[in-house]
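Below is a briefing on selected features of one structure. It covers strand pairing, a pocket and aromatic contacts.

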Amino acid sequence: MGVEKGKNESYVALELDISDLNDRPDSKAKLHIFRVGYTTNDKADVPFQSLSIPQSIINQQNKYNKHQIYAECNFGLFEFYVNGTDNAHKIALPGPEPASPFASRGLNLNPVGSGNNFISFPMLADMGFKTEAGQTAYFSDLSVRNFRFPSNLVFEDTNNQLFRNIAVENGAYKFSGNMLVTADASRNATPMLRTAFQTKSNIKKARLYVTARGIYEVYLNGKRVSEEYFNPGLTQYNKHHQYQTFDVTQNLIAGKENALGAWLSEGWWSGNITYSGESWNFFGDRQSLLAKMVITYADGSEQIITSNPKDWKLFTDGPIRYGSYFQGEVYDAGKEAAIQGWTAAGFNDAGWKSASVVPLEGNAYLGTFTERGRATTFDYKDFKLIGTMDDNVKIVGTLNARSVKEVRPKVYVYDMGQNMVGIPQILIKNGQKGQVINLRFAEIVYPALPDYKGNEGMIMLENIRAALTQDRYILKGGDEVIQPRFTFHGYQYLEITGVDAAIPIENVKGLVLSSVHELASHYETNNPLVNKLWENITWSLRSNFLSIPTDCPQRNERMGWSGDISVFSKAATYLADAPMFLRRHLLAMRDIQAENGRFTDVAPVGGGFGGTLWGSAGITVAWETYRQYGDIQLLQEHYPAMKRYVDFLETKIDPQTGILNEGPLGDWLSPEGNKNDNTLFWMSYYAYDLDILSQMAEALGKTADVAALNQRSANIKAKTNAVYLNEAGKTVKSGLKTGFMGAPNESDSRTQSEKGNLMDTQASYAIPLDLDIFNTTNKAKALEGLRSTITRTNVDDGGVKRPEYSLMTGFIGTASISEALSENGADDLAYKLLTNKQYPSWLYSVVNGSSSIWERLNSYTVENGFGGNNSMNSFNHYSFGAVAAWMYNYSLGIQRDPVVPAFKSFILQPTPDPNGEITSASGYYESMYGRIVSSWKMDKGKLSYMCIVPPNSSATLYLPAKSISQITESGEPIGKWAGVAVSGTKVMIPLGSGVYEFVVQ
């Protein structure tokens, strides 16, 4: 905005004006809203907006009475009430009410934009009062409450404590003349809890069971019990809440006093969660601890230590003043001295308060509510406390800053060299006590393009939207380390201000946090750009597998969008050992499955606006997880929910056309998405859901369901084949009118939707082909159509012609296109797409410096920068990284057995690049039975292939050859090997465990 202001130079002010109010029935009091200092056009003496107050609220008779003004703020959108908070006391805003019940409401005071998709201004910081010359006013009853129920008090100016130097008359501050006085009303820090207890000698074992509403760190005798972060992790807390178990036998001191302490913060329980302001404090607004330690002695006796108000003490004036995922952490190191040794025995906690029980009622979102015309109930009647299901978040790596630039005087921007998720670790040398250091985090900096003139080199925060993502650290003096505990950031660039000179880059590190502790695979070719693409995919996996599978890790979202994990789940099962991580996500999907069977678009928490392609994650993720890891119990517990979901989809079939209408989202963020008829994709996924549910029913022995599911799938496929392909084999539209939901700034520019109008897009062929929807005749036509859309130029939704071999698919189609090609013998096109460097393509981001997978194929282009999509633009999404599944399944050829799960037996079918651009590929996958290795190299027409089949497993190898005589293994012919046979253009070779080196001449 090009505006920098000092204290009290930027603010929002409310003024009650009764000067024009008289006996006339049309005279009204005014509520003036001033916005000062946010833009160069703001004025302190001219209202930003003036609102009329009806005489039913303020009139000639009561105008000199005491009046109460209420302001509700939701990401810069304000609604005002006077003398009451019901609709009768709500002050009307200019203009009509929004037509949609889901539209943002209120007077926007944010100069950047309206609502949650923009940097959040104004923020509630200092509070105060002002009067002008000749004015006298009395102010009282200043209070701030949380926006979301139960709307507990955050601050209340009891006994006029906020302003000590202002005159008070009759319980009100008296302001007179030219006065503007503000104060910081902040109070309390993140809760700290401790207890001390005496042990006996001869301790045999000790277990600590602990969880929190919010997140916690727990300490025993001065040492942190675990190096895990953000426990207990995110679940749908009103349904399932995890606890952790720690062996603390070695942490205890036998026969002496011991001390147990816990530090709490908001985590996902309270504070900001999701992109919606209505979701602030989604579960509750007060953190609490639940802990139990069981000490077993050699004589068999037990000592039990529990969290309780009698034995525990509370302290709320520690150094962590505030910790939030979206807002960042505020740390005052000057407060450390008061808590030195607080988790050790002998600490003097006389100044600490007694702990108290925190009940759900009054502190949690609990009850039946009407929001935007819909009644919902949020309760805990099905609540279960469960043990941790999977790996928790840990530090999995450390990065050093690569460079630093002073982009403005004393504004230092550090490049970590990698878009990462985690926290900074910064060594401060010889700091000054009280010095405030500010850290801001961004994925990218503004490029030197005309649209960003004046901001070149500065961090770009528009795509962080309403998250503040700022850490503030107040030095105690001397040498110290800045390392937040209760927040995380998605960033490559770190801005540091508050220092007189740049901190040396060797003292600026990034600690990488993830639920993925190590990768389960590797992929490498002779093409360094393709290798970098694979590496970027692994970084987006790490970044977004953080307690839940998030869509992005940096902005005010970080949610479990189902469409993203649906398309990425196959790749994820090869990249990481994640059976329980994905199983817990499916638990969250069940926890908030609607009564009608619909799977939510986001889990946990709920919400969203996806439809079939998002809800189908409830089936596809279960299938990919089962096929990879063989967990039959997962299918057993999840099967009823999947059945309910496909039954729900049946109810969404249009009775007139027989076509599924459950959206609105289609091939999200496709360059040509507006040419599609999304019902084709919904029908395809519905049939696919039925197909794989049938296979799961068979695995579970539910034979009666198998035939019925197969028949339903056959009906949907028959309808799809009849409707969506014309006689020429081109994909066409169904004629069914559907809803539209576009990305911000995207209008509905869908082309004609009459029945029979052409689609002829890459996704319209690729998705049905990949999901095996087309019949034999149509499959050949669709493959030819897909080939045509790839080898020709295409015009995108913006009217721009894109070159041959461009990737014109979005989130859903990109997961299908390569597999659709290779499954149908078009490996040449799959490799052409993989190695293309022009926009739009996978490698375009790589050649332009990406270190993770972008949300958009055009998140940045050399010509257009961010393309006007600054706010809806993540540089760390994994959806377009779904191509990793093709890298393992087809390029390396490591494939699951079609019947036997979990790689007890599997397929090896390496696919060299027919175009000759990629001449080698190698990699491995750590299966349930051990490492599977697949490595090939082409040299002058000769294929060398090495593989390893782990113990207690077997494989069927398919090598490209017309005759068995072309193949040798370790220099010897294989003609006499048992079971070897020619299958079309490939030779099939059964393999037991072992190491093999083949050559195909």
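**Strand pairing**

Strand E8 pairs with strand E12 (residues 172-176) in the antiparallel sense, over four bridges. The model is predicted.

- Within this pairing, phenylalanine 139 has tyrosine 173 of E12 as its bridge partner.
- The open sheet has three strands in the order E8-E12-E11, and the pairing is antiparallel.
- Strands E8 (136-139) and E11 (168-169) are the edge strands, each pairing on one side only.

**Second largest pocket**

- The second largest pocket holds about 1,300 Å³ of space.
- It is lined by 43 residues, and those closest to its centre are Lys570, Trp623, Tyr688, Glu819 and Glu823.
- The lining divides into 17 nonpolar, 11 polar and 15 charged residues.
- Helix H7 gives the largest share of this lining, seven residues.
- Other elements that each supply at least two lining residues include helix H2 (562-575), helix H11 (811-823) and strand E42 (894-896).

**Aromatic contacts**

- The whole structure contains 61 aromatic pairs.
- Phenylalanine 568 and tyrosine 878 are stacked, because their ring centres are 4.3 Å apart and their planes lie at 10°.
- This pair ties together parts 310 residues apart in sequence, because phenylalanine 568 is in helix H2 and tyrosine 878 is in the loop between helix H13 (842-847) and H14.
- Phenylalanine 568 is buried at 0% relative accessibility, and tyrosine 878 is buried at 1%.
- One aromatic cluster includes Phe149, Tyr237, Trp269 and Tyr365.

**Charges over rings**

- The charged end of arginine 148 sits over the ring of tyrosine 365, 3.4 Å from the ring centre.
- Lysine 200 lies over the face of tyrosine 297, 4.7 Å from the ring centre.

Definitions and conventions: Residues numbered from 1 in each chain as written. Predicted model: local features only at pLDDT ≥ 70, side-chain atom pairs only at ≥ 80, totals over all residues. Heavy atoms only, no water. Pairing = 2+ DSSP bridges. 1 Å grid on protein atoms, 1.4 Å probe; cavity = no way out; pocket = protein on both sides within 12 Å on 5 of 7 lines; lining within 4 Å. Points joined across faces, edges and corners; volume = space filled by probe spheres on them. Nonpolar A, V, L, I, M, F, W, Y, C, P; charged D, E, K, R; others polar. Phe/Tyr/Trp six-rings, centres within 6.5 Å; stacked < 30°, edge-to-face > 60°. Buried < 20%, exposed > 50% of the residue type's maximum accessible area, 1.4 Å probe, protein only. Lys NZ or Arg CZ within 6 Å of the ring centre and 35° of its normal.
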